[in-house]
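Dear colleague,

I am handing over the structure we spoke about, and I would be grateful if you could look through it alongside the notes in this email.

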Amino acid sequence: MDNHLSLYKVTTKGSLLSGLILVAGLVLALPDCPENGELNNCSAAIELDSGSRYVGDFVNGLYEGQGEYTYSDGEGYVGTFLDGKFHGQGTYKYVNGDKYVGEFKLGKKSGRGVYTRADGSIERGVFLDGRLIYESDRK
């Protein structure tokens with residue numbers, strides 16, 4: 001994932017997918033990022049020079065909060081981000097049709113999750129640093 005944001009353009013303002021914060025039981029929306037491209041405590045859709053695209057929240061110029069990151073090849077992640085990395089609950093879809101739904105920590109599958117292969121086989125259990133370490137169920 002491109003964490004370097006010097007080569008990007010803001011393509012549209014925020015979306016319903018992004019910009020929601022829960023504070024004291026209230027759902028608040030982050031404002032749209034300003035036209036000048038400053039990405040701090042706001043929501044936007046950006047397109048990177050690599051062809052990748054991000055729609056979601058920014059804090060201090062990094063992806064943080066809810067968002068969707070799509071690589072130029074179509075692979076992508078929808079979920080929460082922290083410090084520019086996949087972190088928390090999310091779904092990652094691979095180009096080959098595989099899909100992982102579960103927890104991420106600092107960019108890697110970590111925690112409880114379900115990995116479904118394109119052929120329909122399923123690995124369910126606990127992941128650590130991107131690898132399945134405890135299998136609770138295999139189909």
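The notes below cover some loop residues, one hairpin and the aromatic rings.

This is a predicted model, in which local features need pLDDT of at least 70 and side-chain atom pairs count only at pLDDT 80 or more, while totals for chains, interfaces and linings use all residues. Residues are numbered from 1 along each chain as its sequence is written, and side-chain values use heavy atoms, with hydrogens and water left out.

Asn60, in the loop between strand 5 (53-59) and strand 6 (62-70), has a positive phi near 50° although it is not a glycine; strands here are DSSP runs of E with at least two residues, numbered from the N terminus. Asp83, in the loop between strand 7 (76-82) and strand 8 (85-93), likewise has a positive phi near 50°.

Strand 10 (residues 108-116) and strand 11 (residues 122-128) run antiparallel and are joined by six bridges, where pairing requires at least two DSSP bridges between two strands. In their hairpin, with five residues between the strands, Gly120 has a positive phi near 95°.

The whole structure holds 17 aromatic pairs, meaning rings of Phe, Tyr and Trp (its six-membered ring) with centres within 6.5 Å, and planes under 30 degrees apart count as stacked, over 60 as edge-to-face and the rest as tilted. Among them, Tyr77 and Phe86 are stacked, because their centres lie 4.1 Å apart with planes at 20°, whereas Tyr100 and Phe104 are edge-to-face, with centres 5.1 Å apart and planes at 90°.

With kind regards

Notes:
Helix = DSSP H or I, 4+ residues; strand = E, 2+ residues; numbered from the N terminus.
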